[in-house]
Amino acid sequence: MTVADALHDRRSCRSFIDRPLGPGILDNLIDKARRTPTAGNCQGVEFLVLEGDGVTAYWDTTLSAARRVNFPWPGLLSAPALVIPWGLTGRYVARYAEDDKTQTGLGDSSEAWPVPYWLTDAAFAAMALQLLVVELGLGCCFFGLFEHEEAVAKRFGVPDGARALGSIAIGYPDERAQRPSGSVDRGRRPLSGVLHRNSW
Ligand SMILES: Cc1cc2nc3c(=O)[nH]c(=O)nc-3n(C[C@H](O)[C@H](O)[C@H](O)COP(=O)(O)O)c2cc1C
């Protein structure tokens with residue numbers, strides 16, 4: 001499978017069969033996904049990997065019993081693994097305070113950053129992880145943490161200043177129970193609508 005194949009074949013998978021991932025699969029995926037570029041080669045993205053009780057604790061933290069009743073994607077809760085890439089803000093600020101980066105002024109504080117590269121790098125890693133999952137023939141879905149970022153950080157002992165964009169559910173797709181999000185009906189915009197040659 002080529003990278004182009006993986007991009008073409010990837011679809012958000014929101015229903016999984018109740019089957020754990022084989023030993024070593026997640027470690028191997030993350031070992032590969034962590035090779036994406038990082039600002040200043042800071043390597044400031046770390047991955048919270050949840051399986052078994054960790055997955056249960058995640059849903060207990062983010063999905064109340066009341067919301068669970070009519071939750072539109074119950075099969076998402078069967079995913080055997082969840083991975084949350086966190087960008088460690090402090091690592092970026094410290095890296096950019098080093099001699100070769102001081103001229104940027106970004107080593108003073110996280111507020112000095114026009115673009116929070118810890119989130120950029122976490123997004124790169126999240127995308128790489130999804131493509132690697134597709135390459136293995138597994139399913140995945142990236143979904144937002146919304147207002148639960150702080151609660152998840154607290155529940156799993158994530159250090160202060162770490163920021164996450166969302167979570168990635170990974171597992172074996174339950175093909176009979178896929179229910180795409182309404183967003184998919186929007187279709188794909190044409191290339192001519194997104195490519196601006198020489199001028200917007
Ligand atoms: C930043 C971001 C946040 C997303 N949040 C959610 C979410 O909270 N719930 C969900 O079911 N899908 C979520 N998605 C998945 C998108 O709905 C999905 O990628 C989009 O509809 C295109 O469908 P496809 O992934 O099957 O190509 C999110 C995707 C991104 C990139």
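At what angle do helix α2 and α6 pack, and how far apart are their axes? Before the answer, a word on what you're looking at. This is a predicted model, where local features need pLDDT of at least 70, side-chain atom pairs count only at pLDDT 80 or more, and totals for chains, interfaces and linings use all residues. Residues are numbered from 1 along each chain as its sequence is written. Helices here are DSSP runs of H or I with at least four residues, strands are runs of E with at least two, and both are numbered from the N terminus.

Now, the packing. Helix α2 (residues 25–33) meets α6 at an angle of about 130°, and the two axes are 9 Å apart. (Axes are lines fitted to C-alpha atoms, for helices over the stretch in contact, and angles run from 0 to 180 degrees between N-to-C directions.) That makes α2 oblique to α6, given that angles under 35 degrees count as roughly parallel, over 145 as roughly antiparallel, 65 to 115 as roughly perpendicular and the rest as oblique. Who does the touching? On the α2 side it's Leu29, Lys32 and Ala33, and on the α6 side Ala125, Ala128, Leu129, Leu132 and Val133. Being in contact means that the C-beta atoms of two residues, placed from the backbone, lie within 7 Å.

Let's follow α6 itself. This helix covers residues 117–135, and at 1.5 Å a residue its 19 residues should span 27 Å; the end C-alpha atoms are 27 Å apart, which agrees. (The expected span is 1.5 Å times one less than the number of residues.) Several α6 residues are buried, among them Ala125, Ala128, Leu129 and Val133. Just after the helix, Gly137 takes a positive phi of about 80°.

Asp121 also sits in α6. Asp121 is buried, with 24 other C-beta atoms within 10 Å; the cut-offs are 20 or more for buried, 12 or fewer for exposed, and partly exposed in between, with C-beta atoms placed from the backbone. Leaving aside neighbours within four places in sequence, Asp121 is in contact with Thr38, Ala39, Gly44, Val45 and Gly87. Gln43 is 78 residues from Asp121 in sequence, yet their C-alpha atoms are 8.3 Å apart in space.

Finally, look at two asparagines. Asn41 lies in the loop between α2 and β1 (45–51) and has a positive phi of about 50° although it is not a glycine. Asn41 is exposed, with 8 other C-beta atoms within 10 Å. Asn198, in the segment after α8 (191–194), has a positive phi near 65°. Asn198 is exposed, with 4 other C-beta atoms within 10 Å.
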